[in-house]
Amino acid sequence: MSTRIAFLKGHGTENDFVIVPDPENAVDLPPAAVAALCDRRAGIGGDGLLHVVRSAAHPEAAEMAAEAEWFMDYRNGDGSVAEMCGNGVRVFAHYLQRAGHVAEGDITVATRAGVKRVHLAKNGDVTVGMGKAVLPEGDVTVSVGEYSWPARNVNMGNPHAVAFVDDLGQAGNLFTPPPVTPASAYPDGVNVEFVVDRGPRHVALRVHERGSGETRSCGTGACAVAVAAARRDGADPAVTGTLTTYTVDVPGGRLVITERPDGGIEMTGPAVIVAEGEIDAEWLAAVRL
């Protein structure tokens, strides 16, 4: 392994990431190393880590290499592996363009939730094809202190519980995971969104992301919220045959979510790279222990 380990820092609506370019999958990134890099006091700091690897070089992505040259090996801030991160895909694609690996227009990115189609626009916005939402049956309840709400179970390649509340302050501090019942609905943990209405087809959220705590934005969460809000409002593009678009405000900015009649969901928003540098290889080797 090289003693010079490059990194960048980026964010999508203030959902921030450490980016580690590693085309040949040569950098060892066990959970302890990822958690140390994402530590906001002792490391670089981030809600998660984007490990940039060529699909052909990663055993989890090799079968997708014919469709997508690059694999987003995404990790949560605590070092755990995650299937997908919507804001992360936008930042990942922006990095690929910045590095000269791809050009403006349409590209594909491999993730653990499958191949995602991405459009890099001239104005800097990035649109990600997020796939289709799955709405598992069964009642789910979210609780915070004395409050409890029925929640909508939505899967966007990763699991979400969406609760509509009167005031976002009712969500509490979101440092720890809000209790969700039944636990059997989410055997691998869950992202929990608390949602209020801002206007017609316009909502705002706060989110607890599993493995990261409260974050400034969650792309898959925004998609899950838009779908849950549409169904609550009686809108289903598969039935009406027309697009349904919701504006979703997150603490770090604004995302626009569109659901097509075929079930496909697209998310549009900004992506920013704010810094780049090198990781101290000796430090990284020490935190792997």
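These are my notebook entries on one chain, taken from a predicted model.

**Entry 1: the whole chain**

Next I took the box around the C-alpha atoms, which is roughly 55 × 40 × 30 Å along the principal axes.

**Entry 2: inside and surface**

I asked what share of the residues counts as buried. The figure is 52% of the 289 residues. For the accessible surface I noted about 12300 Å², with 50% of that belonging to carbon and sulfur atoms. I also looked at contacts between residues at least 6 apart in sequence, and 62% of these join residues at least 24 apart.

**Entry 3: charges**

I noted 24 positive and 37 negative side chains. The centres of the two sets lie 3 Å apart.

I followed β5 (residues 105–111) into β6 (residues 114–120) and found a hairpin that joins them through two residues. The two strands run antiparallel, and seven bridges join them. In this pair, Ala110 stands opposite Val115 of β6.

I then asked how many bridges join β6 to β7. There are three, and β7 (residues 126–132) runs antiparallel to β6. Here Leu120 stands opposite Val126 of β7. The hairpin of β6 and β7 has five residues between the strands, and in it Gly124 takes a positive phi near 95°.

Note on methods: Residues numbered from 1 in each chain as written. Predicted model: local features only at pLDDT ≥ 70, side-chain atom pairs only at ≥ 80, totals over all residues. Heavy atoms only, no water. Pairing = 2+ DSSP bridges. Helix = DSSP H or I, 4+ residues; strand = E, 2+ residues; numbered from the N terminus. Buried < 20%, exposed > 50% of the residue type's maximum accessible area, 1.4 Å probe, protein only. Contact = heavy atoms within 4.5 Å. Areas by Shrake-Rupley, 256 points an atom, 1.4 Å probe, with all protein chains shown as cover. Lys, Arg positive; Asp, Glu negative; His and termini not counted. Charge placed at Lys NZ, Arg CZ, Asp CG, Glu CD.
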